[in-house]
Amino acid sequence: MSIWAERLPRQLKEVLEDRPHGDLARWQQAIEGMPVPVSQTLHLDRGLVQAGEAPGAAPQQEQALREALQVLHPWRKGPYLLHGVHIDSEWRSDWKWARLAPHIMPLAGRRVLDVGCGNGYYCWRMLGAGAAQVVGIDPTMLFHAQFHAVARLLAAADRSGRTGRVLHLPLGIEKVPASLAAFDTTFSMGVLYHRRSPIDHLVELRDTLRPGGELVLETLIVEGDEQTVLVPQGRYAKMRNVWFIPSVRALERWLQRAGFGHVRTVDITPTTSQEQRATEWMRFESLSDFLDPADSSITVEGYPAPSRAVVLANKPG
């Protein structure tokens, strides 16, 4: 990790100081001005990541906290319960965690990387599962701001200081040094189909792992044999940047070609409008708007409706 530690100050200066997001100052002001109640209640090992009781703060304080967190709208991943404020995010990310958690290598004592971590919901679940250190990377600055808002509120309920073992970096995987080989477990969830070169992404993920380390890959899939790959013409489910959606058998072959061993698919689940939906914390279009109103088995573009697989693989020892 030392080579990355040497590069990080320059990398962070580029995104936070040299070319800051236009809304960064507004988000920082909301975070710095929000009330931070002190509590002894902290739950990182439940679907609802929680700090403080509910109801938590005094009504005025709770309302001020709610308004500050709403400045950081939209909230894609969650849910959270923060000192009485329930962030009902677009995704029920706890459902995905429940599907994959029984299958992965225990995280206790492991160093973990979460690629495309969003606001860090899964990072907190990884810490709750016993990880020694969690590094989340995501270049979206809004998610970086959301992480820091949540981290402040969780820290106010953390008597042990363990929440300090989670680090969120506003960087993409291309900023991770090649062949770092520093992590015991690497997660890549909801990223692969956004990459123009999926095999290169898998190689990048492999190179983050120590020998014997485990990759947890979650991505969109379609039905078919090892030769089946959907390449959308234009958008897929109204998303512009979807490049390749493989079948499970094709994905397993990609992983093998990228140098992974012990490749196994542990879950395949269609995405439903109960798992991904608009809420007061994400008021834009969501899954129900992306599907054909006359046939929910296809997207508005006529492609198969979203279905996702969790595939595990290991870097050879």
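In which loop does Pro79 lie? In this predicted model, Pro79 belongs to the loop between α3 and β3. As background, most peptide bonds are trans.

Beyond β3 comes another backbone feature. His83 is found in the loop that runs between β3 and β4 (85-87), and its phi is near 50°, a positive value in a residue that is not glycine. Most residues other than glycine have a negative phi. His83 has a relative accessible area of 2%, and because the limit for buried is under 20%, His83 counts as buried. Ser179 also takes a positive phi, near 55°. Ser179 sits in the loop between β7 (166-169) and β8 (183-189). Is Ser179 buried or exposed? Its relative accessibility is 53%, so Ser179 counts as exposed, the cut-off for that class being over 50%.

Helix α5 (residues 121-128) can be taken next. Seven of its eight residues are buried, and therefore the helix is largely enclosed by the rest of the structure. The buried residues of α5 are Tyr121, Tyr122, Cys123, Trp124, Arg125, Met126 and Leu127. Just after α5, Gly130 has a positive phi of about 105°.

Trp97 is buried at a relative accessible area of 6%, and Phe187 is buried at 0%. Another pair, Tyr121 with Tyr122, is edge-to-face: the centres are 5.4 Å apart and the planes stand at 75°. Tyr121 is buried with a relative accessible area of 0%, while Tyr122 counts as buried at 2%. Both pairs fall within a cluster in which ring pairs link Trp75, Tyr80, Trp97, Tyr121, Tyr122, Phe187 and Trp281. A ring contact of another kind involves Trp91, whose ring has the charged end of Lys96 over it, 5.3 Å from the ring centre.

What volume does the largest pocket have? Its volume is about 1,300 Å³. The lining of this pocket comprises 44 residues, and those nearest the centre are Phe143, Gly190, His194, Met239 and Asn241. Three helices, α4 (93-100), α6 (141-155) and α9 (287-290), each contribute at least two residues to the lining. By class, the lining of the largest pocket has 20 nonpolar, ten polar and 14 charged residues.

The second largest pocket has a volume of about 230 Å³. Its lining includes the run Ile221, Val222, Glu223 and Gly224, together with Ser247, Val248 and Arg249. Ile268, Ser297, Pro304, Ala305 and Ser307 also line the second largest pocket. Six of the lining residues of this pocket are nonpolar, four are polar and two are charged.

Key:
Residues are numbered from 1 along each chain as its sequence is written. This is a predicted model: local features need pLDDT of at least 70, side-chain atom pairs count only at pLDDT 80 or more; totals for chains, interfaces and linings use all residues. Side-chain values use heavy atoms; hydrogens and water are left out. On a 1 Å grid over the protein atoms alone, a cavity is a set of points where a 1.4 Å probe fits but cannot get out, and a pocket is an open set with protein on both sides within 12 Å along at least five of seven lines; lining residues have an atom within 4 Å of a point. Grid points are joined across faces, edges and corners, and a volume is the space filled by probe spheres set on the points. Helices (H or I, at least four residues) and strands (E, at least two) are DSSP runs, numbered from the N terminus. Ala, Val, Leu, Ile, Met, Phe, Trp, Tyr, Cys and Pro count as nonpolar, Asp, Glu, Lys and Arg as charged, and the others, Gly among them, as polar. Buried means under 20% relative accessible area, exposed over 50%, partly exposed in between (1.4 Å probe, protein chains only). Rings of Phe, Tyr and Trp (its six-membered ring) pair if their centres lie within 6.5 Å; planes under 30 degrees apart count as stacked, over 60 as edge-to-face and the rest as tilted. A charge sits over a ring if NZ of Lys or CZ of Arg is within 6 Å of the ring centre and within 35 degrees of the ring normal.
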